[in-house]
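Here is a briefing on the structure shown below.

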Amino acid sequence: MQHQSEEVTSEAIYLNRRHFLRMSSIRALQLASAGYALSASPAVWASQALECNDALTFKHDELTPFKSATHYNNFYEFSPDKKAVAILAQELTTEPWNIEVGGLVENPLSLSIEQLTALGTVDRTYHFRCVEGWSMVIPWTGVQLCKLIEKVKPLKEARYVKFSSIYRPEEMISQRRPTMDWPYVEGLRLDEAQNPLTILATGMYGKPLPKQNGAPLRLVVPWKYGFKSIKTIKKIEFVSERPETSWMRLAPSEYGFYANVNPEVAHPRWSQRKEVRLGELKKRRTKPFNGYEEYVAHLYQGMNLTENF
Amino acid sequence: MNSILKYLNQHDGQLRLAIFSLSTLPFIRLYLDYWFDDLGINPFASLIERSGFWGVFFLLVTLAITPFRRWFSWLSSLLRLSYGKRLSDWNYLIKCRRMLGLWSLFYVSIHLLIYLHFELGWWLEDFWLDITERYFITFGLVSWVLLVLLGITSPDRIRRAMGKKWRQLHRSIYALAILSIIHIYLEAKPTETDPYWYGLIVFVLLMHRIVVSKFRTLRRKDDTGMPSYR
């Protein structure tokens with residue numbers, strides 16, 4: 001990875017935080033972090049689509065410790081147990097890895113991770129909110145999806161982007177059981193995929209992406225619940241019809257296609273008004289679109305977000 | 001073996017003390033983990049899951065007492081043991097039951113307090129929204145209210161004063177068990193299987209009572225759920 005300085009910084013913050021944790025109780029930490037607030041530069045309050053090349057910076061809360069971000073993972077291909085994933089995922093062979101980009105596009109591509117990162121990488125620290133009501137703050141490294149879309153040139157009929165994970169039951173132990181229809185499938189509307197916030201991540205905390213976090217390539221859509229951010233991507237297809245995603249197929253009343261972070265729309269099990277930041281005990285209020293409202297709200301103008309949850 | 005069983009039945013006070021001590025352990029462990037900041041990566045989830053587990057654990061153990069006494073006495077007859085054939089040989093199980101039920105109330109109350117404090121921060125407005133939006137919370141709350149009613153009417157003095165009504169009230173533990181299973185089922189993800197296991201246990205424990213009361217040959221005057229003296 002070319003991001004040496006990022007690595008130094010994040011490690012320092014991480015060590016510092018451990019030291020702090022050891023010295024004080026979790027409650028003191030909460031008081032300290034309550035001072036941070038998520039707000040974006042007011043210059044880019046967007047009522048229309050942002051450009052792929054817009055320079056974007058985001059304020060964020062204190063980073064989640066690397067250990068927490070890598071040992072508390074929902075990754076059903078390996079295990080429904082969030083703590084077991086870190087061990088089981090090490091079985092996956094991530095090299096070589098080619099992703100197929102096709103469907104309704106002018107230039108279908110098959111590219112390696114190196115060819116993808118050659119399109120240019122960005123560092124983005126995003127808040128990451130799980131539908132289950134917990135959240136993290138993670139520094140990602142990745143390629144903006146809009147860069148890839150510019151390269152493959154979708155046809156006029158392409159309205160959605162469908163992502164598929166790899167299917168490899170010999171290495172992904174839970175794919176041997178029919179917990180859901182494998183491989184995992186996710187989807188975005190084309191304009192959501194083109195939003196410059198949407199990235200294909202290849203690294204985090206200045207390091208290559210750990211296997212339990214979706215190596216070698218995963219999606220990160222910070223204003224949507226975590227399950228939209230599909231891991232171990234093998235195939236990206238441009239399609240005209242809205243794809244049926246894995247969790248929608250399993251429980252359509254619970255998991256919607258949009259899955260935008262929305263404190264006003266409760267899930268039957270998890271109140272979405274609040275979230276618990278990993279490492280903390282008390283829940284905090286959840287922000288509409290996970291705090292990225294000004295960058296993405298225009299995508300949903302005129303839509304009923306309670307029906308289109 | 002016989003002498004151990006006999007000893008237990010004659011010294012149920014010591015047994016209760018032992019069970020009482022053991023039942024404090026999950027709480028002590030939970031509190032120490034909380035105090036030393038050792039609850040894991042998601043401390044809130046750890047607190048709420050562990051308190052809930054022990055609440056339902058003690059509820060199921062409480063419900064298991066009556067069937068187990070019957071099954072143990074049946075098994076003892078089958079094995080032609082000299083001790084254990086009579087229901088009264090297992091009276092000490094019945095004598096531990098109230099305490100086990102109260103431990104369930106204790107852990108479920110801790111579970112509720114964790115929710116009220118760490119999730120809601122005592123915002124009653126949010127509480128109301130939760131009850132109307134997330135039905136598993138409604139089921140859980142109703143279960144807790146029933147459990148409190150059973151708990152406060154559990155002293156001997158109140159039981160005697162209530163007469164027949166006491167038994168009617170305390171039969172609501174069956175409804176309470178079903179409500180708490182619904183609570184667990186609604187709270188679980190569609191991919192989780194443990195609600196089915198809890199459901200199966202409750203089903204078996206309640207079916208025992210239905211079967212015993214429906215079939216004349218199985219009915220026994222001394223199997224009232226109270227200590228037996230035959």
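Between chain B and chain A, 14 residue pairs are in polar contact, both residues at pLDDT 80 or more. A polar contact is a pair of N or O atoms within 3.5 Å; within protein, one must be able to donate a hydrogen and the other to accept it, and residues adjacent in sequence count only if both atoms are side-chain atoms. The model is predicted: local features need pLDDT of at least 70, side-chain atom pairs count only at pLDDT 80 or more, and totals for chains, interfaces and linings use all residues. Residues are numbered from 1 along each chain as its sequence is written, chains are lettered from A and ligands numbered from 1 in the order in which they are written, and side-chain values use heavy atoms, with hydrogens and water left out.

**Interface**

- On the chain B side that touches chain A, helices H2 (12–35), H3 (43–78), H4 (91–119), H5 (124–133), H6 (135–152) and H9 (172–187) each supply at least two residues. Helices (H or I, at least four residues) and strands (E, at least two) are DSSP runs, numbered from the N terminus.
- That side of chain B divides into 16 nonpolar, four polar and eight charged residues. Here Ala, Val, Leu, Ile, Met, Phe, Trp, Tyr, Cys and Pro count as nonpolar, Asp, Glu, Lys and Arg as charged, and the others, Gly among them, as polar.
- Chain B brings 28 residues to the contact and chain A brings 33 (contact means heavy atoms within 4.5 Å).
- About 2,500 Å² is buried between the two chains, and carbon and sulfur atoms give 55% of it. Buried area is the accessible area (1.4 Å probe) that two parts lose on being put together, summed over both.
- In chain B, Ile41(B), Lys189(B) and Thr191(B) lose the most area to chain A, together 27% of what that side buries.
- The rule finds five salt bridges across the interface. It asks for a side-chain nitrogen of Lys or Arg within 4 Å of a carboxyl oxygen of Asp or Glu.
- Arg273(A) forms a salt bridge with Glu133(B), with the closest N and O atoms 2.9 Å apart.

**Strand E11 of chain A**

- Val276(A) sits in strand E11 (residues 274–277). Val276(A) counts as buried because its relative accessibility is 2%, and buried means under 20% relative accessible area (1.4 Å probe, protein chains only).
- Beyond four places in sequence, Val276(A) touches residues of both chains, including Trp134(A), Leu281(A), Asn42(B) and Phe44(B).
- The Glu275(A) side chain makes polar contacts with the side chains of Arg129(A) (3.1 Å) and Thr286(A) (2.6 Å).

**Fold and core**

- Chain A has nine helices and twelve strands. Of its 309 residues, 59% count as buried.
- The largest nonpolar core has 104 residues, and Trp140(A), Leu197(A), Ile236(A) and Phe238(A) touch the most other members. Such a core is a set of buried Ala, Val, Leu, Ile, Met, Phe, Trp, Tyr and Cys residues joined through side-chain atoms within 4.5 Å.

**Backbone**

- The peptide bond joining Glu95(A) and Pro96(A) is cis, with omega about -5°.
- Another cis bond runs from Ala215(A) to Pro216(A), with omega near 0°.
- Thr232(A), not a glycine, has a positive phi near 35°, and is buried at 0% relative accessible area.

Key
Buried < 20%, exposed > 50% of the residue type's maximum accessible area, 1.4 Å probe, protein only.
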